[in-house]
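Morning, everyone. Please have the sequence and the model up on your screens. I'll start at the ligand and then step back to the chain.

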Amino acid sequence: MSSQETLAPETSAVMNTYARFPEAMVRGEGVYLFDEKERRFLDFYAGIAVNGLGHCHPHLVKTLQDQATKLWHVSNLYHIPEQERLAKRLTANSFADRVFFTNSGVEAMEGMIKLARRYHYVDGNPNKWRIITVQGAFHGRSLATISAAANPKYVEGFGPAVDGFDNVPFGNLNELRSAITEETAAILIEPIQGEGGIRPANMEYLKGLREAADEFGLLLIFDEIQCGNARTGKMWGHEWADIKPDAIATAKGLGGGFPVGCFMATEEAAKGLVPGVHGTTYGGNPLAMAAANAVLDVTEKDGFLDHVQEVASYLQGKLDQLVADHSSIFTSWRGAGLMIGLQANAENIEAIKVISAFKDEGLLTVGAADNIIRLLPPLIIEKEHIDEAYAAMDAAAKKLEG
Ligand SMILES: *Cc1c(COP(=O)(O)O)cnc(C)c1O
């Protein structure tokens, strides 16, 4: 049976929730992926901002192999030394004092939402449980997080929304302030919207959110699942605005491909989460912790963030050129570091067509709302890979122009 047949929705036993490309990737090496026919692709989506160190990074492979022969799982009934170590490392260089490990982004989001409500509960304000969110947000696919983001595309057909979220326009401080009531517990935002089309919040807006939260006694909580873990050239996206949140959720880049997430908070914000009120069976298990510690071994090295910023500005310069040369195909690019959205010109073409044309030239990217093509390469890319990506994008654009 060829892969084409295996993957056809009507012959697959996998639920039909994705419109997948026909290729099946079977092997990865650094910034390259190989399909069943050994065709090589330059990976500029990195498993959707996950494989920050590329594929089969030797240090990650070695660490996981070693851990696999020692211990996989014990549950959180016992202390997990690698978990203690990772939490110490994540809090040493951030606003946070406490970390809770999860298996995915959405599980981290659910935990952080619970943290915000519980904080006010133990503070003697059980009436404060609503969270202000913004339009265009994406926080995951659980019932609470689809309700939080309030994107009609994701809530339709799933019954009444989970109550407790007040969705306001993104970027408008006045509207957000006027949505604050006696019942508001927190403000939740992605410092840079990912699925929403790589829309960065501006610095003044983020600072204004901090001020509003302080003024009204709210928690400021960030979804850094996509923009965290060095993706933007700083360890956390909010660091660009020079403000401190009360809690953040992260995942994607944290394990370099191993499923792991976390939410972390200040001691104060985390005070409601005491033994018995929240938990997870798999979260923070030794295998996941080994993987995430190995990722940090690399991303915490001197010069790593500088490298990300340097190659990012090189890529951004190339994109200026690309947009200027092919204005019928591209309107602009936006984003920060290696979290970039290249906008296809909606007058002439849909992003998915451009993504396909890039793939035909051997370059893998991923779409987002607002006719955006996301460029989320591994953070270890070098200028030569960017030149290769540029050549592919330029060639694809020329063909699309016909
Ligand atoms: C991917 C993503 C999520 C959901 O993470 P999963 O691991 O898919 O559950 C939530 N928020 C943001 C910003 C994301 O990019």
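A residue counts as near a molecule if one of its heavy atoms lies within 4 Å of it. By that rule, the residues around the ligand are Ser104, Gly105, Val106, Phe138, His139, Gly140, Glu190, Asp223, Ile225, Gln226 and Lys252.

A word on the source. This is a predicted model, where local features need pLDDT of at least 70, side-chain atom pairs count only at pLDDT 80 or more, and totals for chains, interfaces and linings use all residues. Residues are numbered from 1 along each chain as its sequence is written, and side-chain values use heavy atoms, with hydrogens and water left out.

Now the polar contacts, meaning pairs of N or O atoms within 3.5 Å. Which atoms of glycine 105 and valine 106 lie 2.8 Å from an oxygen atom of the ligand? For glycine 105, a backbone N or O atom. For valine 106, a backbone N or O atom too. Aspartate 223 uses its side chain: an N or O atom there is 2.7 Å from a nitrogen atom of the ligand. How much of the ligand's area does the protein cover? The protein covers 81% of the 380 Å² of accessible area that the ligand has on its own. Accessible areas come from the Shrake-Rupley method with a 1.4 Å probe; for residues, only the protein chains shown count as cover.

Next, the whole chain. The C-alpha atoms fill a box of roughly 65 × 55 × 50 Å, taken along the principal axes. Of the 402 residues, 52% count as buried, meaning under 20% relative accessible area (1.4 Å probe, protein chains only). The accessible surface of the chain is about 18,300 Å². Carbon and sulfur atoms hold 53% of that surface.

Note on methods: Polar contact = N/O pair within 3.5 Å; in protein donor to acceptor, adjacent residues only side chain to side chain. Buried < 20%, exposed > 50% of the residue type's maximum accessible area, 1.4 Å probe, protein only.
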